[in-house]
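Sequence and structure come first.

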2 protein chains.
Amino acid sequence: MNVSALEEYGLRCAVQLASLAEGETLSAPEIAEREGLSIEYVSKFMLLLKRASLVRTVRGMKGGFALTRLPEEISLKDVFDALSNKRKAQDEFCKSFAGKSETCVRSSACTIRPFWEILSLYVEEFTTKMTLRDLIQSEQVTLNKTRNIAQANVEQYRKLKEMNA
Amino acid sequence: MNVSALEEYGLRCAVQLASLAEGETLSAPEIAEREGLSIEYVSKFMLLLKRASLVRTVRGMKGGFALTRLPEEISLKDVFDALSNKRKAQDEFCKSFAGKSETCVRSSACTIRPFWEILSLYVEEFTTKMTLRDLIQSEQVTLNKTRNIAQANVEQYRKLKEMNA
DNA sequence: TTAAAACAATACTTTTTTGTACGGATTTGG
DNA sequence: CCAAATCCGTACAAAAAAGTATTGTTTTAA
(Lines give C-alpha, C1' and ligand atoms only; values in the text may rest on other atoms or scores of the structure.)
Protein backbone atom coordinates (compact mmCIF):
# COMPACT_ATOMS: atom_id res chain seq x y z
CA MET A 1 0.00 0.00 0.00
CA ASN A 2 1.79 3.08 -1.16
CA VAL A 3 1.49 6.39 -2.89
CA SER A 4 2.78 6.79 -6.43
CA ALA A 5 5.50 9.27 -7.32
CA LEU A 6 3.01 11.21 -9.39
CA GLU A 7 0.72 11.58 -6.41
CA GLU A 8 3.47 12.53 -4.00
CA TYR A 9 5.25 15.09 -6.14
CA GLY A 10 2.05 16.43 -7.63
CA LEU A 11 0.72 17.07 -4.15
CA ARG A 12 3.93 18.82 -3.18
CA CYS A 13 3.62 21.13 -6.17
CA ALA A 14 0.00 21.86 -5.38
CA VAL A 15 0.98 22.72 -1.82
CA GLN A 16 3.53 25.18 -3.13
CA LEU A 17 0.74 27.04 -4.89
CA ALA A 18 -1.45 27.01 -1.80
CA SER A 19 0.50 29.73 -0.03
CA LEU A 20 0.39 32.21 -2.90
CA ALA A 21 -1.42 35.51 -2.46
CA GLU A 22 -4.40 36.42 -4.64
CA GLY A 23 -3.26 37.10 -8.19
CA GLU A 24 0.28 35.77 -7.69
CA THR A 25 1.62 32.90 -9.75
CA LEU A 26 4.55 30.56 -9.43
CA SER A 27 6.48 29.34 -12.47
CA ALA A 28 7.56 25.78 -13.12
CA PRO A 29 11.26 26.66 -12.68
CA GLU A 30 10.46 28.22 -9.31
CA ILE A 31 8.48 25.22 -8.11
CA ALA A 32 11.18 22.89 -9.39
CA GLU A 33 13.77 24.87 -7.49
CA ARG A 34 11.77 24.76 -4.26
CA GLU A 35 11.02 21.06 -4.44
CA GLY A 36 14.35 20.01 -5.90
CA LEU A 37 12.75 18.42 -8.94
CA SER A 38 13.45 18.91 -12.64
CA ILE A 39 11.50 21.60 -14.49
CA GLU A 40 10.24 19.09 -17.03
CA TYR A 41 8.93 16.80 -14.34
CA VAL A 42 7.15 19.62 -12.56
CA SER A 43 5.61 20.68 -15.85
CA LYS A 44 4.17 17.23 -16.20
CA PHE A 45 2.35 17.42 -12.88
CA MET A 46 1.10 20.90 -13.53
CA LEU A 47 -0.38 19.85 -16.84
CA LEU A 48 -2.37 17.13 -15.08
CA LEU A 49 -3.53 19.53 -12.39
CA LYS A 50 -4.53 22.01 -15.03
CA ARG A 51 -6.51 19.44 -16.97
CA ALA A 52 -8.41 18.68 -13.79
CA SER A 53 -9.15 22.39 -13.46
CA LEU A 54 -7.41 22.63 -10.12
CA VAL A 55 -4.82 25.00 -11.51
CA ARG A 56 -4.95 27.90 -13.93
CA THR A 57 -1.99 29.00 -15.98
CA VAL A 58 -0.58 32.23 -17.31
CA ARG A 59 1.51 31.76 -20.41
CA GLY A 60 4.36 33.83 -21.66
CA MET A 61 7.39 35.44 -20.14
CA LYS A 62 5.96 36.32 -16.76
CA GLY A 63 3.69 33.32 -16.67
CA GLY A 64 3.15 30.69 -14.06
CA PHE A 65 0.58 28.65 -12.14
CA ALA A 66 -2.02 29.36 -9.50
CA LEU A 67 -4.85 27.44 -7.87
CA THR A 68 -8.30 28.00 -9.33
CA ARG A 69 -9.90 27.74 -5.90
CA LEU A 70 -8.96 28.60 -2.34
CA PRO A 71 -6.67 26.07 -0.64
CA GLU A 72 -9.45 25.11 1.79
CA GLU A 73 -11.67 24.30 -1.18
CA ILE A 74 -9.28 21.75 -2.68
CA SER A 75 -9.14 18.38 -1.01
CA LEU A 76 -6.23 16.01 -1.26
CA LYS A 77 -8.57 13.63 -2.99
CA ASP A 78 -9.11 16.22 -5.70
CA VAL A 79 -5.37 16.34 -6.22
CA PHE A 80 -4.88 12.58 -6.18
CA ASP A 81 -7.74 12.04 -8.58
CA ALA A 82 -6.17 14.52 -10.97
CA LEU A 83 -2.82 12.76 -10.83
CA SER A 84 -3.60 9.05 -10.76
CA ASN A 85 -3.39 7.72 -14.29
CA LYS A 86 -6.62 5.80 -14.25
CA ARG A 87 -9.13 5.83 -11.50
CA LYS A 88 -10.63 2.42 -10.90
CA ALA A 89 -14.28 2.77 -10.14
CA GLN A 90 -15.50 0.88 -7.11
CA ASP A 91 -17.68 -1.29 -9.31
CA GLU A 92 -14.87 -2.02 -11.69
CA PHE A 93 -12.84 -3.57 -8.93
CA CYS A 94 -13.16 -7.19 -9.86
CA LYS A 95 -12.90 -6.54 -13.58
CA SER A 96 -9.30 -5.39 -13.60
CA PHE A 97 -8.05 -8.85 -12.92
CA ALA A 98 -4.68 -10.19 -14.01
CA GLY A 99 -5.46 -13.89 -13.69
CA LYS A 100 -6.18 -16.50 -16.30
CA SER A 101 -9.91 -16.77 -15.90
CA GLU A 102 -12.09 -14.86 -18.26
CA THR A 103 -14.48 -14.05 -15.49
CA CYS A 104 -13.15 -13.09 -12.11
CA VAL A 105 -13.22 -16.30 -10.11
CA ARG A 106 -13.91 -14.31 -6.98
CA SER A 107 -17.02 -12.56 -8.17
CA SER A 108 -19.27 -15.03 -6.39
CA ALA A 109 -17.49 -15.01 -3.07
CA CYS A 110 -14.73 -12.49 -3.15
CA THR A 111 -13.11 -12.82 0.25
CA ILE A 112 -11.17 -9.64 0.16
CA ARG A 113 -13.60 -7.24 -1.46
CA PRO A 114 -15.19 -6.11 1.82
CA PHE A 115 -11.72 -5.37 3.10
CA TRP A 116 -10.87 -3.36 0.02
CA GLU A 117 -14.06 -1.43 0.25
CA ILE A 118 -13.57 -0.39 3.83
CA LEU A 119 -9.92 0.45 3.39
CA SER A 120 -10.80 2.57 0.37
CA LEU A 121 -13.48 4.26 2.39
CA TYR A 122 -11.01 4.87 5.18
CA VAL A 123 -8.50 6.49 2.88
CA GLU A 124 -11.08 8.32 0.84
CA GLU A 125 -12.76 9.81 3.88
CA PHE A 126 -9.44 11.07 5.10
CA THR A 127 -8.24 12.53 1.82
CA THR A 128 -11.61 14.13 1.22
CA LYS A 129 -11.53 15.90 4.57
CA MET A 130 -7.96 17.08 4.38
CA THR A 131 -7.43 20.17 2.26
CA LEU A 132 -4.41 21.96 0.89
CA ARG A 133 -5.02 24.58 3.57
CA ASP A 134 -4.44 21.97 6.26
CA LEU A 135 -1.04 21.19 4.83
CA ILE A 136 0.28 24.74 4.92
CA GLN A 137 -0.28 25.17 8.62
CA SER A 138 2.81 24.81 10.75
CA GLU A 139 3.97 21.23 10.88
CA GLN A 140 3.32 21.01 14.60
CA VAL A 141 -0.27 22.17 14.29
CA THR A 142 -1.00 19.77 11.49
CA LEU A 143 0.67 16.93 13.27
CA ASN A 144 -1.29 17.52 16.44
CA LYS A 145 -4.55 17.66 14.60
CA THR A 146 -3.93 14.55 12.61
CA ARG A 147 -2.68 12.68 15.66
CA ASN A 148 -5.86 13.49 17.49
CA ILE A 149 -7.92 12.14 14.65
CA ALA A 150 -5.91 8.96 14.54
CA GLN A 151 -6.14 8.44 18.27
CA ALA A 152 -9.87 8.98 18.32
CA ASN A 153 -10.36 6.53 15.53
CA VAL A 154 -8.23 3.91 17.17
CA GLU A 155 -10.21 4.14 20.39
CA GLN A 156 -13.48 4.06 18.55
CA TYR A 157 -12.32 0.99 16.72
CA ARG A 158 -11.40 -0.80 19.93
CA LYS A 159 -14.78 -0.12 21.52
CA LEU A 160 -16.51 -1.47 18.48
CA LYS A 161 -14.35 -4.54 18.48
CA GLU A 162 -15.27 -5.22 22.10
CA MET A 163 -18.95 -4.78 21.40
CA ASN A 164 -18.77 -7.24 18.53
CA ALA A 165 -16.70 -9.77 20.44
CA MET B 1 -2.81 5.35 -3.46
CA ASN B 2 -3.18 1.72 -4.27
CA VAL B 3 -2.27 -1.81 -3.35
CA SER B 4 0.40 -3.65 -5.33
CA ALA B 5 -0.37 -6.83 -7.23
CA LEU B 6 1.94 -8.71 -4.90
CA GLU B 7 -0.04 -7.54 -1.91
CA GLU B 8 -3.41 -8.26 -3.43
CA TYR B 9 -2.74 -11.72 -4.80
CA GLY B 10 -0.56 -12.68 -1.87
CA LEU B 11 -3.39 -11.83 0.49
CA ARG B 12 -5.83 -13.83 -1.59
CA CYS B 13 -3.56 -16.86 -1.38
CA ALA B 14 -3.17 -16.44 2.36
CA VAL B 15 -6.94 -16.27 2.72
CA GLN B 16 -7.25 -19.55 0.86
CA LEU B 17 -5.10 -21.18 3.51
CA ALA B 18 -7.11 -19.64 6.32
CA SER B 19 -10.04 -21.98 5.92
CA LEU B 20 -8.02 -25.18 6.04
CA ALA B 21 -8.56 -27.64 8.88
CA GLU B 22 -5.76 -28.51 11.28
CA GLY B 23 -3.11 -30.58 9.51
CA GLU B 24 -4.48 -30.00 6.01
CA THR B 25 -2.43 -28.36 3.31
CA LEU B 26 -3.21 -26.77 -0.02
CA SER B 27 -0.87 -27.10 -3.01
CA ALA B 28 0.19 -24.30 -5.32
CA PRO B 29 -1.73 -25.80 -8.26
CA GLU B 30 -4.87 -25.94 -6.13
CA ILE B 31 -4.52 -22.34 -4.98
CA ALA B 32 -3.77 -21.24 -8.53
CA GLU B 33 -6.89 -23.02 -9.72
CA ARG B 34 -9.08 -21.40 -7.07
CA GLU B 35 -7.76 -17.90 -7.65
CA GLY B 36 -7.36 -18.19 -11.40
CA LEU B 37 -3.67 -17.37 -11.30
CA SER B 38 -0.68 -19.21 -12.76
CA ILE B 39 1.03 -21.83 -10.64
CA GLU B 40 4.38 -20.08 -10.99
CA TYR B 41 2.96 -16.79 -9.82
CA VAL B 42 1.32 -18.38 -6.81
CA SER B 43 4.60 -20.09 -5.96
CA LYS B 44 6.24 -16.70 -5.88
CA PHE B 45 3.84 -15.39 -3.27
CA MET B 46 4.03 -18.51 -1.17
CA LEU B 47 7.80 -18.31 -1.08
CA LEU B 48 7.58 -14.80 0.34
CA LEU B 49 4.99 -15.83 2.89
CA LYS B 50 7.13 -18.77 3.88
CA ARG B 51 10.20 -16.60 4.32
CA ALA B 52 8.19 -14.39 6.66
CA SER B 53 7.27 -17.52 8.63
CA LEU B 54 3.58 -17.03 8.04
CA VAL B 55 3.35 -20.25 6.09
CA ARG B 56 4.89 -23.68 6.47
CA THR B 57 5.43 -26.02 3.57
CA VAL B 58 5.37 -29.75 2.98
CA ARG B 59 7.53 -30.82 0.09
CA GLY B 60 7.12 -33.78 -2.18
CA MET B 61 4.29 -35.39 -3.99
CA LYS B 62 1.55 -34.79 -1.47
CA GLY B 63 3.00 -31.49 -0.39
CA GLY B 64 1.43 -28.09 0.01
CA PHE B 65 1.12 -25.03 2.20
CA ALA B 66 -0.50 -24.19 5.50
CA LEU B 67 -0.50 -21.25 7.89
CA THR B 68 1.90 -21.48 10.80
CA ARG B 69 -0.58 -19.74 13.10
CA LEU B 70 -4.33 -19.56 13.50
CA PRO B 71 -6.07 -17.18 11.07
CA GLU B 72 -7.05 -14.89 13.94
CA GLU B 73 -3.38 -14.62 14.87
CA ILE B 74 -2.27 -13.33 11.48
CA SER B 75 -3.04 -9.71 10.70
CA LEU B 76 -3.28 -8.31 7.22
CA LYS B 77 -0.33 -6.15 8.09
CA ASP B 78 1.71 -9.30 8.70
CA VAL B 79 0.82 -10.44 5.21
CA PHE B 80 1.49 -7.11 3.55
CA ASP B 81 4.81 -6.74 5.31
CA ALA B 82 5.83 -10.15 4.05
CA LEU B 83 4.93 -9.28 0.49
CA SER B 84 5.99 -5.67 0.00
CA ASN B 85 9.42 -5.65 -1.58
CA LYS B 86 10.97 -3.10 0.68
CA ARG B 87 9.39 -1.59 3.71
CA LYS B 88 10.17 2.06 4.07
CA ALA B 89 10.76 2.87 7.69
CA GLN B 90 8.90 5.89 8.97
CA ASP B 91 12.18 7.68 9.64
CA GLU B 92 13.50 6.88 6.21
CA PHE B 93 10.62 8.68 4.58
CA CYS B 94 12.44 11.80 3.45
CA LYS B 95 15.57 9.94 2.43
CA SER B 96 14.09 8.01 -0.45
CA PHE B 97 13.84 11.07 -2.58
CA ALA B 98 13.95 11.12 -6.36
CA GLY B 99 14.79 14.79 -6.81
CA LYS B 100 17.97 16.49 -7.80
CA SER B 101 19.02 17.82 -4.43
CA GLU B 102 21.52 15.84 -2.46
CA THR B 103 19.68 16.54 0.75
CA CYS B 104 15.90 16.44 0.79
CA VAL B 105 14.90 20.06 0.34
CA ARG B 106 11.84 19.46 2.45
CA SER B 107 13.57 18.18 5.54
CA SER B 108 13.33 21.53 7.26
CA ALA B 109 9.69 22.18 6.51
CA CYS B 110 8.18 19.16 4.85
CA THR B 111 4.60 20.19 4.21
CA ILE B 112 3.25 16.79 3.52
CA ARG B 113 5.02 14.64 6.07
CA PRO B 114 2.36 15.06 8.78
CA PHE B 115 -0.22 13.97 6.25
CA TRP B 116 1.79 10.93 5.31
CA GLU B 117 2.28 9.98 8.91
CA ILE B 118 -1.36 10.11 9.81
CA LEU B 119 -2.48 8.33 6.68
CA SER B 120 0.05 5.61 7.33
CA LEU B 121 -1.20 5.34 10.88
CA TYR B 122 -4.75 5.12 9.62
CA VAL B 123 -3.97 2.31 7.26
CA GLU B 124 -1.64 0.55 9.64
CA GLU B 125 -4.15 0.61 12.47
CA PHE B 126 -6.72 -0.93 10.22
CA THR B 127 -4.52 -3.63 8.73
CA THR B 128 -3.17 -4.51 12.15
CA LYS B 129 -6.65 -5.04 13.56
CA MET B 130 -8.01 -7.02 10.65
CA THR B 131 -7.00 -10.66 10.62
CA LEU B 132 -7.28 -13.46 8.10
CA ARG B 133 -10.13 -14.82 10.24
CA ASP B 134 -12.13 -11.68 9.57
CA LEU B 135 -11.85 -12.23 5.85
CA ILE B 136 -13.26 -15.74 5.84
CA GLN B 137 -16.51 -14.77 7.50
CA SER B 138 -19.45 -14.43 5.19
CA GLU B 139 -19.14 -11.42 2.97
CA GLN B 140 -22.18 -9.79 4.52
CA VAL B 141 -20.89 -10.14 8.06
CA THR B 142 -17.51 -8.74 7.16
CA LEU B 143 -19.03 -5.92 5.21
CA ASN B 144 -21.31 -4.93 8.06
CA LYS B 145 -18.48 -4.95 10.54
CA THR B 146 -16.17 -2.90 8.37
CA ARG B 147 -18.90 -0.44 7.50
CA ASN B 148 -19.58 0.16 11.15
CA ILE B 149 -15.97 0.89 11.78
CA ALA B 150 -15.80 3.31 8.92
CA GLN B 151 -18.95 5.08 9.97
CA ALA B 152 -17.76 5.44 13.54
CA ASN B 153 -14.48 6.87 12.39
CA VAL B 154 -16.12 9.31 10.07
CA GLU B 155 -18.37 10.62 12.81
CA GLN B 156 -15.53 10.85 15.23
CA TYR B 157 -13.59 12.78 12.66
CA ARG B 158 -16.38 15.27 12.12
CA LYS B 159 -16.78 15.95 15.85
CA LEU B 160 -13.09 16.60 16.14
CA LYS B 161 -13.15 18.88 13.16
CA GLU B 162 -15.93 20.92 14.74
CA MET B 163 -14.08 21.16 18.03
CA ASN B 164 -10.99 22.44 16.29
CA ALA B 165 -12.87 24.85 14.12
C1' DT C 1 14.42 -47.70 -8.65
C1' DT C 2 11.95 -44.76 -11.14
C1' DA C 3 8.26 -41.66 -12.47
C1' DA C 4 5.26 -38.25 -11.02
C1' DA C 5 3.91 -34.42 -8.24
C1' DA C 6 5.10 -30.88 -5.59
C1' DC C 7 8.14 -27.13 -3.39
C1' DA C 8 12.60 -23.89 -4.16
C1' DA C 9 14.95 -20.57 -6.42
C1' DT C 10 16.63 -17.82 -9.81
C1' DA C 11 16.67 -15.91 -14.35
C1' DC C 12 14.13 -13.98 -17.90
C1' DT C 13 10.39 -11.27 -20.56
C1' DT C 14 6.77 -8.09 -20.68
C1' DT C 15 4.35 -4.21 -19.01
C1' DT C 16 3.91 -0.16 -16.30
C1' DT C 17 5.78 3.68 -14.04
C1' DT C 18 9.12 7.16 -13.66
C1' DG C 19 11.64 10.72 -15.38
C1' DT C 20 13.83 13.36 -19.40
C1' DA C 21 14.16 15.65 -23.99
C1' DC C 22 12.74 18.44 -27.31
C1' DG C 23 10.10 21.22 -30.60
C1' DG C 24 6.18 24.33 -30.76
C1' DA C 25 3.10 28.19 -29.01
C1' DT C 26 2.41 32.39 -26.23
C1' DT C 27 3.53 36.53 -23.91
C1' DT C 28 6.74 40.28 -22.24
C1' DG C 29 9.87 43.81 -23.09
C1' DG C 30 13.54 46.03 -25.52
C1' DC D 1 10.06 42.86 -34.82
C1' DC D 2 12.85 39.83 -32.15
C1' DA D 3 14.76 37.54 -28.22
C1' DA D 4 13.93 35.56 -23.88
C1' DA D 5 11.08 33.19 -20.71
C1' DT D 6 7.38 30.47 -20.06
C1' DC D 7 3.62 27.08 -20.80
C1' DC D 8 2.08 22.87 -23.92
C1' DG D 9 2.43 18.47 -25.49
C1' DT D 10 4.25 14.44 -27.11
C1' DA D 11 7.90 11.24 -27.74
C1' DC D 12 11.47 8.82 -25.74
C1' DA D 13 14.69 6.41 -22.23
C1' DA D 14 15.42 4.29 -17.85
C1' DA D 15 13.85 1.87 -13.90
C1' DA D 16 10.64 -0.84 -11.42
C1' DA D 17 6.93 -4.07 -11.12
C1' DA D 18 4.40 -7.88 -12.88
C1' DG D 19 4.33 -12.19 -14.54
C1' DT D 20 6.57 -16.48 -16.85
C1' DA D 21 10.06 -20.15 -17.64
C1' DT D 22 13.20 -23.23 -16.30
C1' DT D 23 16.02 -26.06 -13.64
C1' DG D 24 16.77 -28.33 -9.36
C1' DT D 25 15.36 -30.77 -4.94
C1' DT D 26 12.21 -33.55 -2.15
C1' DT D 27 8.77 -36.91 -1.34
C1' DT D 28 5.26 -40.48 -2.57
C1' DA D 29 4.06 -44.62 -4.53
C1' DA D 30 4.03 -48.09 -7.98
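**Overview**

Chain A contains seven helices and two strands (DSSP runs numbered from the N terminus, H or I of at least four residues for helices and E of at least two for strands). This is a predicted model, in which local features need pLDDT of at least 70 and side-chain atom pairs count only at pLDDT 80 or more, while totals for chains, interfaces and linings use all residues. Residues are numbered from 1 along each chain as its sequence is written, chains are lettered from A and ligands numbered from 1 in the order in which they are written, and side-chain values use heavy atoms, with hydrogens and water left out.

**Chain A as a whole**

- Read from the N terminus, the order of elements in chain A is α-α-α-β-β-α-α-α-α.
- Chain A has 165 residues, and 47% of them count as buried (under 20% relative accessible area; exposed is over 50% and partly exposed in between, with a 1.4 Å probe and protein chains only).
- Among the contacts in chain A with a separation of 6 or more, 62% join residues 24 or more positions apart (contact means heavy atoms within 4.5 Å).

**The hairpin of chain A**

- Strand E1 (residues 55–58) of chain A pairs with E2(A) in the antiparallel sense over four bridges (two strands pair if DSSP finds at least two bridges between them).
- Five residues separate E1(A) and E2(A) in this hairpin, and Gly60(A) in the turn has a positive phi of about 90°.
- Thr57(A) is placed opposite Phe65(A) of E2(A).
- Strand E2 (residues 64–67) of chain A is covered on both faces: Gly64(A) and Ala66(A) are buried on one side, Phe65(A) and Leu67(A) on the other.

**Two buried residues of chain A**

- Ser27(A) is located in the loop between helix H1 (5–18) and helix H2 (28–35) of chain A.
- Ser27(A) has a relative accessible area of 17% and is therefore buried.
- Leaving aside residues up to four places away in sequence, Ser27(A) touches Gly63(A), Gly64(A) and Phe65(A).
- Leu119(A) belongs to helix H5 (residues 113–129) of chain A, and counts as buried because its relative accessibility is 2%.
- With residues up to four places away in sequence not counted, Leu119(A) touches Met1(A), Val123(B) and Phe126(B).
- A distance of 18 Å separates the C-alpha atoms of Leu119(A) and Ser84(A), which are 35 residues apart along the chain.

- Two packed helices are described by the angle between their axes and the distance between the axes.
- Helix H3 (residues 39–51) and helix H4 (residues 76–83) of chain B have axes that come within 8 Å and cross at roughly 110° (axes are lines fitted to C-alpha atoms, for helices over the stretch in contact, and angles run from 0 to 180 degrees between N-to-C directions).
- H3(B) is therefore roughly perpendicular to H4(B) (65 to 115 degrees; under 35 is roughly parallel, over 145 roughly antiparallel and the rest oblique).
- Phe45(B), Leu48(B) and Leu49(B) of H3(B) meet Val79(B), Ala82(B) and Leu83(B) of H4(B).
- The axes of helix H1 (residues 5–18) of chain B and H4(B) come within 9 Å and cross at roughly 125°, so H1(B) and H4(B) are oblique to each other.
- On the H1(B) side, Leu6(B), Glu7(B), Gly10(B), Leu11(B) and Ala14(B) meet Leu76(B), Val79(B), Phe80(B) and Leu83(B) in H4(B).
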